[in-house]
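Subject: Structure handover

Dear colleague,

I am passing on the structure below, followed by an account of what was found in it. Please keep it open beside the text as you read.

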Amino acid sequence: MEKRIFSAVVISIGLLWLWAAIAPKLFPDLIKPRPTITAPKPAATSTSQPSPSPAHPVGTAAAPKIVAPKIAAPVAPTAARALTLSRVETDEYIATFSNRGAQLVSFRLRNYKTRSGDNVELVKGRESARTDFPFAIQAHDAPVAERLNTALYEVNNQVGKDGAGVLEYRFAGPDGVTAIKTFKFNKEFLFGFAMAVNPPVPYRVEIGPGIRTLEADEKDSQFTITGNGVVQRDDDLKVIKREKSDRVNIFEYVQFVGAEDNFFLSVLRPEKSAGAVIRAAEFGSGKDKRRELYAGVNAGADGTVSGTVFMGPKRASLLDRYGLERTLQFGTFGVIARFFLVILEWINRYTHNWGWAIIILTILIKLALYPLQHKWMLSMKKIQKVQPKMEAIKAKYRKSRTDPEQRQKMNTEMMKLYQVEGINPAGGCLPMLVQFPIFVGFYNLLSHAIELRGAPFMLWIHDLSMKDPTYVLPILMTVAMFIQQMITPTSADPAQRKMFLIMPIVFGWIFKEFASGLVLYWLAQNILTIAQQMITNRYWKDHPTATA
């Protein structure tokens with residue numbers, strides 16, 4: 001029996017890994033190929049020179065490349081007379097640029113809503129009039145930076161109604177300081193940018209601080225990522241925790257750099273640059289004091305910098321398309337989370353309800369694990385049946401419990417009893433070992449999959465990615481766990497059994513803050529286990545395997 005249980009565990013885990021390998025071929029529309037972004041390292045002899053443009057990864061959407069402009073000197077003074085806002089509208093987003101500093105002042109996602117029903121805004125709100133909106137210039141020469149960030153640029157808007165085209169900003173001061181900022185769009189989330197400053201000064205272009213303004217319930221959640229920095233180098237993603245970040249994190253070269261939360265991402269992918277920076281800044285005071293991160297790429301010695309920008313949802317297919325898949329951090333057992341996401345998306349095509357998709361997936365998981373769990377239940381019944389014999393052996397050596405030799409004899413007799421009765425003492429742990437990666441995979445999926453953000457189930461559950469505001473689901477889960485504990489056979493003595501009955505309360509208290517989708521999965525899993533146990537208790541009590 002031990003060999004059969006061990007084989008079942010190995011086969012179950014093997015099937016999960018096998019599915020992760022073959023799923024891209026079976027479901028090409030749901031799992032995109034994961035290309036690798038390649039970025040050559042700059043020469044060791046000169047870190048200040050712009051790094052060569054990395055080739056776009058095979059299989060990703062073509063990015064709108066821009067060649068950084070050259071500024072011929074001298075240039076006649078150029079500036080606008082009035083503040084102008086330019087909108088770029090696509091099916092996915094509405095971007096608003098201001099000619100004051102040629103900065104991005106708003107980036108709203110059409111297909112993602114806040115709790116109040118507004119479009120999600122990826123440019124964090126400002127507490128006061130500031131000039132540090134995305135694509136502001138940060139320079140060692142503070143007066144030059146302030147001037148370029150407050151000047152009114154002339155606008156050449158060639159963006160069509162479909163959201164494709166070029167938006168160009170030009171400024172030239174009477175003292176010869178000149179700047180050009182160009183943005184190129186092709187209706188994709190990924191858009192290009194290029195900047196040039198003359199005379200060349202050391203500067204960088206930044207996005208931040210952080211990413212979007214969190215809603216009230218997100219601020220209170222301990223499971224919400226609130227503006228961590230992300231940087232990828234040599235295909236290795238590094239996450240910089242907002243609360244623990246150093247003042248300045250300097251990188252010689254990067255594939256991309258930016259900021260993230262659970263569901264959204266803003267990154268710069270440099271084509272021509274001289275390294276990158278993630279820096280921290282403090283906002284507010286007292287209890288409201290908060291550290292936020294900026295991400296930027298440095299201009300080269302010639303005063304130019306260019307690349308592409310992604311600002312959008314962390315949707316799996318979208319990130320795969322742009323080579324940003326590593327930012328979809330499903331963590332430990334991430335391959336299982338990706339597998340579940342594919343299946344949930346497929347089921348949701350028919351249910352049109354993510355909650356029912358979770359329940360159906362739970363049933364499928366239960367069916368896959370049924371043989372293993374059935375073996376465990378029968379094993380527990382056997383242990384329960386021989387409990388008097390086990391207690392007799394323990395009583396025999398109770399007076400010699402401190403004697404190592406006598407305890408060894410007791411263990412030998414106990415193992416002999418297990419062999420005679422065909423009992424695997426470790427059998428009860430094996431189902432939990434299999435369920436643990438499944439649970440972790442589900443947890444990571446429901447914590448980071450934007451596909452479930454804002455997805456309603458029924459009645460009071462309006463968002464499966466957030467906790468149940470009424471705590472009804474955690475209460476139902478606690479009751480189900482309690483019933484499961486009561487009807488499940490166990491070898492524990494009465495005192496230990498009472499201790500086990502406390503576990504549902506502990507789990508309920510922990511799960512009350514978890515995503516309601518995760519609680520729904522655990523509730524459904526417990527109900528199915530209760531049904532399985534009741535069937536086993538009624539129809540399998542005289543089964544030959546149970547009495548062998």
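This is a predicted model: local features need pLDDT of at least 70, side-chain atom pairs count only at pLDDT 80 or more; totals for chains, interfaces and linings use all residues.

Among the contacts with a separation of 6 or more, 66% are between residues 24 or more positions apart. The chain exposes about 26100 Å², and carbon and sulfur atoms supply 60% of that area.

Returning to A102, this residue has a positive phi of about 50° although it is not a glycine, and it counts as buried because its relative accessibility, at 0%, falls under the cut-off of 20%. L459 also has a positive phi, near 50°, and is likewise a residue other than glycine; it lies in the loop between helix 9 (429-448) and helix 10. With a relative accessibility of 64%, however, L459 counts as exposed, since the cut-off for that class is over 50%.

Two cis peptide bonds may also be worth a look. One runs from N198 to P199, with omega near -5°, and P199 is found in the loop between strand 9 (190-198) and strand 10 (203-207). Another runs from G208 to P209, with omega near 0°, and P209 is found in the loop between strand 10 and helix 3 (216-219).

As for the packing of helices, helix 10 (residues 472-487) and helix 12 (residues 503-511) meet at an angle of about 160°, with their axes 9 Å apart. Because angles over 145 degrees count as roughly antiparallel, that is how these two helices are described relative to each other, and helix 10 passes helix 12 in a right-handed crossing. On the side of helix 10 the contact is made by P474, M477, T478, M481, F482 and Q485, and on the side of helix 12 by M503, P504, I505, F507, G508 and F511. By class, this contact has nine nonpolar, three polar and no charged residues.

Finally, E345 lies in helix 5 (residues 334-351) and, at 18% relative accessibility, counts as buried. The C-alpha atoms of E345 and A357, which are 12 residues apart along the chain, are separated by 8.1 Å.

Note on methods
Residues are numbered from 1 along each chain as its sequence is written. Side-chain values use heavy atoms; hydrogens and water are left out. Contact means heavy atoms within 4.5 Å. Accessible areas come from the Shrake-Rupley method with a 1.4 Å probe; for residues, only the protein chains shown count as cover. Axes are lines fitted to C-alpha atoms, for helices over the stretch in contact, and angles run from 0 to 180 degrees between N-to-C directions. Helices (H or I, at least four residues) and strands (E, at least two) are DSSP runs, numbered from the N terminus. Angles under 35 degrees count as roughly parallel, over 145 as roughly antiparallel, 65 to 115 as roughly perpendicular and the rest as oblique. A crossing is left-handed if the near helix is turned anticlockwise from the far one by less than a right angle, and right-handed if clockwise. Ala, Val, Leu, Ile, Met, Phe, Trp, Tyr, Cys and Pro count as nonpolar, Asp, Glu, Lys and Arg as charged, and the others, Gly among them, as polar. Buried means under 20% relative accessible area, exposed over 50%, partly exposed in between (1.4 Å probe, protein chains only).
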